[in-house]
Amino acid sequence: MTDGDHEGEAEEAGAQVADEKKEEPAQGKGKDEEREEPPRKEGRLSRLRFTKKKDMPGGLWLKCESCGEVIYRKELEEKGRLCPECGFHFTLPGRDRIAMLLDEGTWEERFADLESLDRLEFTDNQPYSEKIDRAVKRTGQKEALICGTGDVLGRRIALAVLDFGFMGGSMGEVVGEKIALAAELAVKEGIPLVMFTSSGGARMHEGVLSLMQMAKTCAALADLNAAGGFSICVMTHPTTGGVTASFASVTDVILAEPGALIGFAGPRVIATTIKQELPPGFQRAEFLLEKGMIDAIVPRTELRETLAKLIDYAK
Ligand SMILES: [Zn+2]
């Protein structure tokens, strides 16, 4: 895995989410794949990539998807993947998130060996099993969810982080199982569960087995709640589909990063269905805060302090 690979994917995914506004009338099916794979047809994205290659040798520069400013990649990384111009919170690879969040040397990964099976022997433009192999190779991890324990300013937590770089952070059997295991771990050890989401939703390659994870993860969080546990979800850009519609939305506290796209179906689908123009800022964190769907928006730089405060409050 190289950072470049990882990042390229996250950017492409981000651009595709933006693209979806214009072109995505599809209902659910194939949605996750589109986010994971660049579109084959000549579209805005392929033009953008061509321009990037031609004008920005070595990928030293990239364009902010929020303000359009051309940013020096190194500067973006140094600022924790925040746009130096507008402060847009770029998608963060799972491992970077963990490193940024936890006290140094406290991370212990758990359940890392669980891997997906292609039970339906699903094939679209290529076999699902091959897609998994590629994602494993690229990210160096076996699935989209990274789980473990660690400390935030001295407070021990169970942590679950979805990595958008692994098949768009989509939820299949293994992601669902690991969320459930993380919730059980939190109960067993009497520690809070903190989750970070960035996801295209349920993994359609696993059919109904992926949809089942919505019920399963919610049941696991209900058990945590019944056992007197405490849970926090931080929704990051983008959090959509079956992840928004299940475990991400049922925690005690729901936080979001500024500007994060959070929703279920794409805006175009909704606009077509209700035959109305959508209000400005629709499906962005700020809009959802105003409507009461999330509890607070927390900039990436203040997350550690905020989480520590919330954990102390819940004790
Ligand atoms: Zn920007």
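In which sense do β4 and strand β5 (residues 155-162) pair, and over how many bridges? The pairing is antiparallel and extends over eight bridges. The legends below describe views of a predicted model.

**Figure 1. Overview of the predicted model****.** The protein comprises 315 residues, of which 42% are buried. Its secondary structure consists of 12 helices and nine strands. Among contacts with a separation of 6 or more, 70% involve residues 24 or more positions apart.

**Figure 2. The open sheet of seven strands****.** The strands follow the order β3-β4-β5-β6-β7-β8-β9, and their pairing is mixed. At the edges lie β3 and β9 (296-297), each of which pairs on one side only. In a regular strand, side chains alternate between the two faces of the sheet.

**Figure 3. Strand β4 and its pairing with β3****.** Strand β4 (residues 145-152) is largely enclosed by the rest of the structure, because six of its eight residues are buried. Strand β3 (residues 108-110) pairs with β4 in the antiparallel sense, over three bridges. Within this pairing, E109 has G148 of β4 as its bridge partner, and R110 has C147 of β4.

**Figure 4. The β4-β5 hairpin****.** Two residues separate β4 from β5 in this hairpin.

**Figure 5. Packing of helices α7 and α8****.** Helix α7 (residues 173-189) packs with helix α8 (residues 207-226) at an angle of about 5 degrees, and their axes are 8 Å apart. Because of this angle, α7 is roughly parallel to α8. On the α7 side, the contact is made by E173, V175, G176, I179, A180, A183, E184, A186 and V187. The residues contributed by α8 are L209, Q213, K216, T217, A220, L221, D223 and L224. Classified by residue type, the contact of α7 with α8 contains 10 nonpolar, three polar and four charged residues.

Methods: Residues numbered from 1 in each chain as written. Predicted model: local features only at pLDDT ≥ 70, side-chain atom pairs only at ≥ 80, totals over all residues. Axes fitted to C-alpha atoms, helices over the stretch in contact; angles between N-to-C directions. Helix = DSSP H or I, 4+ residues; strand = E, 2+ residues; numbered from the N terminus. Parallel < 35°, antiparallel > 145°, perpendicular 65-115°, else oblique. Contact = placed C-beta atoms within 7 Å. Nonpolar A, V, L, I, M, F, W, Y, C, P; charged D, E, K, R; others polar. Buried ≥ 20, exposed ≤ 12 C-beta atoms within 10 Å, placed from the backbone. Pairing = 2+ DSSP bridges.
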